[in-house]
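Subject: A structure to look through

Dear colleague,

I am handing over a structure, and I would like you to keep it open while you read the notes that follow. Please look for each place in the model as it is named.

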Amino acid sequence: MEHTAKRFLERFGIVYTQFIKDQLLHKIHNKKSILHKKATNRISLLDVELELKDRSLMVRVAYDKTRKNIASVLTMDM
């Protein structure tokens, strides 16, 4: 989570909270995300809409299917 938190702050200026993590994982597990690319056998890049208090934001998430966790977060052009 430390790596993902650093990337959220660096790339979006957003503090990565448990609420954000839970929202992203919920959408991934419930097939409410779009597969962008399969990076490796373990890592998939998924586009997920993050709903914040004041806005919605599309983020590209590196999801680790073995650990069932978010490995990193990217901007949509990465």
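In this structure, ring pairs link Phe8, Phe12 and Tyr16 into a cluster. Two rings of Phe, Tyr or Trp (for Trp, its six-membered ring) are called a pair if their centres lie within 6.5 Å, and the pair is stacked if the planes are under 30 degrees apart, edge-to-face if they are over 60 and tilted for the rest.

Before going further, please keep in mind that this is a predicted model, in which local features need pLDDT of at least 70 and side-chain atom pairs count only at pLDDT 80 or more, while totals for chains, interfaces and linings use all residues. Residues are numbered from 1 along each chain as its sequence is written, and side-chain values use heavy atoms, with hydrogens and water left out.

The aromatic cluster

The structure holds two aromatic pairs. One of them joins phenylalanine 8 and phenylalanine 12, which form a tilted pair with 5.8 Å from centre to centre and 45° between the planes. These two residues, phenylalanine 8 and phenylalanine 12, are separated by about one helical turn because they lie four residues apart in helix α1 (residues 2-12); here a helix is a DSSP run of H or I with at least four residues, a strand is a run of E with at least two, and both are numbered from the N terminus. The rings of phenylalanine 8 and tyrosine 16 have their centres 5.0 Å apart and their planes at 20°, so this pair is stacked.

Are phenylalanine 8 and tyrosine 16 buried or exposed? Both are buried, a word that stands for under 20% relative accessible area, whereas exposed stands for over 50% and partly exposed for what lies in between (1.4 Å probe, protein chains only). Phenylalanine 8 counts as buried because its relative accessibility is 1%, and phenylalanine 12 counts as buried at 18%.

The two sides of helix α1

After α1 comes glycine 13, whose phi is positive, near 70°.

Salt bridges

How many salt bridges are there? The count comes to seven, where a salt bridge is a side-chain nitrogen of Lys or Arg within 4 Å of a carboxyl oxygen of Asp or Glu. One of them joins the side chains of glutamate 2 and lysine 6, at 3.9 Å from N to O, and these residues both lie in helix α1, four residues apart, or about one turn of the helix. Glutamate 2 is exposed, with a relative accessible area of 59%, whereas lysine 6 counts as partly exposed at 48%.

Another salt bridge brings together the side chains of arginine 7 and glutamate 10, at 3.2 Å from N to O. Glutamate 10 counts as exposed because its relative accessibility is 54%.

The side chains of arginine 42 and aspartate 64 also meet in a salt bridge, at 2.9 Å from N to O. This pair links distant parts of the chain, with arginine 42 in the loop between β1 and β2 and aspartate 64 in strand β3, 22 residues apart. Arginine 42 is partly exposed, with a relative accessible area of 37%, while aspartate 64 counts as buried at 3%. Salt bridges that share partners also join Arg7, Glu10 and Arg11 into one network.

A residue in helix α2

Glutamine 23 has its place in helix α2 (residues 18-29), and glutamine 23 counts as buried because its relative accessibility is 12%. Leaving aside its neighbours within four places in sequence, which residues is glutamine 23 in contact with? They are Glu49, Leu50 and Glu51, where contact means heavy atoms within 4.5 Å.
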